Amino acid sequence: MTVRFTLNGEPQRCEVPPHWTLLRMLRDAAGHTDAKHGCGEGVCGACAVFLDGIAVNSCSVLAPQVEGATVETVGGLDRDGDLHPLQAELVASGGVQCGFCTPGMVISGIEAVRLGAAGSEAEIRHSLAGNLCRCTGYGKIVAAVGAYRDGEATGVDGDGVRTTDGAPGAAPAPEVGIGP
Ligand code: FES
Ligand code: FES
């Protein structure tokens with residue numbers, strides 16, 4: 001069957017079997033592997049994307065359900081080639097090790113801040129509870145979301161080094177997927 005939707009701001013048309021998940025369609029039909037396949041059953045959060053502006057586990061959504069919808073993956077969050085502030089903060093603060101959980105952490109972190117569900121460390125941890133990380137122990141990820149919330153997220157230069165000037169802070173929401 002044909003599924004037409006908007007992916008990271010661009011029209012997308014995929015031919016997929018109707019039983020495929022959104023995650024499989026993104027990775028195997030659309031070629032967007034930034035949504036990761038972890039558990040495949042809605043537990044780990046590695047596959048999180050924005051679907052019409054709401055964070056969902058794409059392994060738990062059937063491909064036909066996104067007909068006419070807007071999907072945004074972590075790959076669509078850059079700002080004219082620069083990392084989204086939360087991505088940059090995760091890199092700069094050591095919140096990324098193997099990076100497998102990172103796309104989902106970014107999606108969930110942005111949504112937590114947008115929904116006002118990141119007011120304290122405990123709230124951030126609760127908001128990220130559906131995202132599993134095998135590497136970092138969560139502390140630096142939680143701190144990065146806090147910095148993003150506070151507009152303190154910094155940039156990184158081309159060598160991955162934290163920059164101190166022109167910090168982007170908690171940038172305004174992009175046009176697609178993440179409302180004000
Ligand atoms: S792969 Fe979707 S929640 Fe784990
Ligand atoms: S950085 Fe490796 S799973 Fe999170």
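**View 1. Strands β3 and β4 form a hairpin with 2 residues between them.** In the turn, D52 takes a positive phi of about 50 degrees. The two strands run antiparallel and are joined by 4 bridges, and V49 stands opposite V56 in β4. Strands here are DSSP runs of E with at least two residues, helices are runs of H or I with at least four, and both are numbered from the N terminus. This is a predicted model, in which local features need pLDDT of at least 70 and side-chain atom pairs count only at pLDDT 80 or more, while totals for chains, interfaces and linings use all residues. Residues are numbered from 1 along each chain as its sequence is written, and chains are lettered from A and ligands numbered from 1 in the order in which they are written.

**View 2. Strand β3 (residues 48–51) also meets β5 (residues 70–72).** These strands run antiparallel, with 2 bridges between them; two strands pair if DSSP finds at least two bridges between them. L51 stands opposite V71 in β5, and the bridge partner of F50 there is E72.

**View 3. Step back to see an open sheet of 5 strands.** Their order is β2-β1-β5-β3-β4, with mixed pairing. β2 (10–15) and β4 (54–57) are at the edges with a single partner strand each, so one side of each has no neighbour in the sheet. From one strand to the next, the twist averages 40 degrees.

**View 4. Two helices can be seen against the strands.** Helix α1 (residues 22–29) has L22, L23, R24, M25 and L26 as its buried residues, and these pack against β1 (2–7) and β2. Just after α1, G31 has a positive phi of about 75 degrees. Helix α3 (residues 102–114) lies across β3 and β4, at about 45 degrees to β3. Axes are lines fitted to C-alpha atoms, for helices over the stretch in contact, and angles run from 0 to 180 degrees between N-to-C directions; contact means C-beta atoms, placed from the backbone, within 7 Å.

**View 5. The mean pLDDT of the protein is 87.** pLDDT is the predictor's confidence in each residue, from 0 to 100, and 85% of the residues reach 70 or more. Over residues 164–180 the pLDDT is below 50. Where pLDDT is low, the predicted coordinates should not be read in detail.

Key:
Buried ≥ 20, exposed ≤ 12 C-beta atoms within 10 Å, placed from the backbone.
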